[in-house]
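This report describes selected features of one protein model. It is meant for a reader who has not seen the structure before.

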Amino acid sequence: MPSKVRGRLDRIRNTQITHHPAPETQLTTRRRLRACHECDWVMALPPLKPGEQADCVRCGHTLVKRHAYPAQRSMSLALSALIALAITLIFPFISFSARGIGNEIEVTQSATELLVYHQPIVALVVMLAVFILPGLYLIAVVWLQFSLMLPQRLPWSHGIARSLSHVAPWLMADVFIVGTMVSLIKIAGLAEVGLDIGFWSFIVYALLLLATTLSLDTDWLWFSLSGEPLAPEGIRTGETAASQKLTGCAVCGLVGRINAHGSGTCERCGEKLHVRRPASLQRCWALLATAAVLYIPANIYPIMYTTTLGDESPNTIIGGVIYLASHGSWPVAIVIFVASVIVPIGKLLALVWLCLVAPRAADMRALTRARLYRLTELIGRWSMVDVFVVAILSALIHAGALMSVTPGAAALPFSGVVIVTMLAAMSFDPRLLWDGLDSRPQHGDDTAAPVDEQGRTS
């Protein structure tokens with residue numbers, strides 16, 4: 001006679017999450033409606049097969065990406081990434097040797113060694129962006145996808161699912177790889193560098209982490225967790241949600257009603273709803289002003305000090321670029337110049353321009369501005385390359401007066417510039433760029449169609 005434990009295990013093994021139908025196949029009496037997060041256009045999602053995606057007909061923003069075997073895919077990638085991270089933390093990362101003096105570090109020392117140089121905030125930023133938040137993110141994905149394979153959901157599943165979208169922008173393991181490569185090129189001509197097991201496993205970990213974030217099928221995930229409530233009565237496609245006193249949830253995508261004050265709560269995931277982000281332009285202006293102020297000391301003060309044969313020389317961001325270029329390291333100089341100069345200044349100017357034109361949206365090209373906004377969100381975190389270079393070199397090169405690298409005063413304000421500009425981009429509501437325009441879609445034709453109380457379009 002089988003035991004109770006074995007019976008439960010058999011039920012788990014026999015749970016056919018692989019064959020769970022996509023949301024479209026279970027909704028035969030309604031069309032699944034979404035309001036674009038970037039332009040507020042209301043659309044009905046078409047049936048999607050694995051590998052297909054649905055884009056907004058007005059601005060081109062991707063609403064849904066369908067994946068085959070979504071639970072198994074994400075969980076296997078997340079588990080593999082966690083294993084690679086564990087290997088990275090156990091084994092040495094990089095070693096160097098110069099004139100008989102050498103050093104070997106573990107990857108976490110890139111953060112902990114900054115505490116020795118009285119840079120606790122920068123150390124915390126490195127630890128959170130490269131190790132802590134990615135590790136928690138991967139554990140959350142495993143917990144959530146395993147929960148979907150059980151007859152009953154594990155506790156905290158809804159809260160964990162909500163947190164994934166908020167944590168994802170701060171995962172910077174891939175940026176850390178670029179910082180490591182730049183560091184290795186910088187010291188390749190001065191010392192003999194060794195790449196240990198931890199280095200190669202970190203590359204695997206970063207790639208798997210990126211693959212995990214791209215594999216999440218948020219639409220399928222929330223449908224599997226909570227189904228999909230009926231669309232609000234009388235909703236019409238081919239119009240903006242705000243004109244119908246509706247808004248789309250930024251977490252799960254469900255369209256919901258808003259009250260007279262322009263706010264509400266998502267019926268499915270519990271996220272706060274707003275017709276537009278509260279004080280979006282004011283917050284963005286304040287953060288941009290803060291970033292501009294921080295950028296001055298970030299360029300005036302040295303970002304690191306380099307000691308060679310007893311001679312200590314300070315290196316500012318621009319000074320480091322000039323030094324690398326003068327010594328023939330043009331590729332590294334270009335990477336540092338783009339990441340540390342072009343990207344922060346470009347992002348500041350782009351967001352300033354978007355804030356200026358948002359109140360006059362009807363007079364400008366909305367689609368061009370929307371693409372510019374997406375670009376600012378995409379490139380913002382890559383400015384952390386220079387901070388990671390300082391962290392790695394400070395931990396690795398400890399040879400006293402012969403050769404050493406220490407972080408400078410600019411490391412903290414420059415980290416602040418990167419973080420504050422990212423927050424500014426998150427505070428800006430791109431739907432403001434489309435307010436006041438006519439209701440014609442830019443990428444296709446989606447004429448208005450009323451939807452009855454059962455969600456059927458006429």
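Predicted model: local features only at pLDDT ≥ 70, side-chain atom pairs only at ≥ 80, totals over all residues.

**Cores**

The largest nonpolar core is made up of 96 residues, and V126 and F202 have the most contacts inside it. Helix α5, which covers residues 120–148, supplies the largest share of this core, with 15 residues.

What does F202 touch beyond its neighbours within four places in sequence? F202 is in contact with T88, F93, V107, V130, F131, A173, F176 and I177, those neighbours being left aside.

**Cavities**

Rolling a probe the size of a water molecule over the atoms shows where empty space is left. In this model, three cavities of 30 Å³ or more are counted. The largest cavity holds about 70 Å³ of space. Its lining consists of K186, I303, M304, N315, T316, I317, G320, V321, L324, I336, D386 and V390. By type, the lining of the largest cavity divides into seven nonpolar, three polar and two charged residues.

Two or more residues of this lining come from each of the elements α11 (317–326) and α14 (385–396). Of the elements, α11 gives the most to the lining, with four residues.

**Single residues and their surroundings**

| Residue | Relative accessible area | State |
|---|---|---|
| H67 | 16% | buried |
| G179 | 0% | buried |
| W156 | 65% | exposed |

H67 sits in the loop between β4 (62–65) and α3 (70–90). H67 counts as buried because its relative accessible area of 16% falls under the 20% cut-off. The side chain of H67 reaches the backbone oxygen of L214 at 3.2 Å. Apart from neighbours within four places in sequence, H67 is in contact with P50, R73, L214, S215, L216 and D217.

G179 belongs to helix α7, residues 173–187. With neighbours within four places in sequence left aside, the residues in contact with G179 are V385, F388, V389 and I392. How far apart are G179 and I392 in sequence and in space? They are separated by 213 residues in sequence, while their C-alpha atoms are 8.0 Å apart in space.

**Helix α9**

Is helix α9, residues 218–226, mostly covered or mostly uncovered? Helix α9 is mostly covered, as seven of its nine residues are buried. The buried residues in α9 are D219, W220, L221, W222, F223, S224 and L225. G227 follows α9 and has a positive phi, near 70°.

Most residues other than glycine have a negative phi, and most peptide bonds are trans. Y69 has a positive phi, near 45°, and is a residue other than glycine. Y69 is found in the loop between β4 and α3, and H67 is also placed in the loop between β4 and α3.

W156, likewise a residue other than glycine, has a positive phi near 70°. W156 lies in the loop between α5 and α6 (157–167). W156 counts as exposed because its relative accessible area of 65% is over the 50% cut-off.

Note on methods. Residues numbered from 1 in each chain as written. Heavy atoms only, no water. Core = buried A, V, L, I, M, F, W, Y, C linked by side-chain atoms within 4.5 Å. Buried < 20%, exposed > 50% of the residue type's maximum accessible area, 1.4 Å probe, protein only. Contact = heavy atoms within 4.5 Å. 1 Å grid on protein atoms, 1.4 Å probe; cavity = no way out; pocket = protein on both sides within 12 Å on 5 of 7 lines; lining within 4 Å. Points joined across faces, edges and corners; volume = space filled by probe spheres on them. Nonpolar A, V, L, I, M, F, W, Y, C, P; charged D, E, K, R; others polar. Polar contact = N/O pair within 3.5 Å; in protein donor to acceptor, adjacent residues only side chain to side chain.
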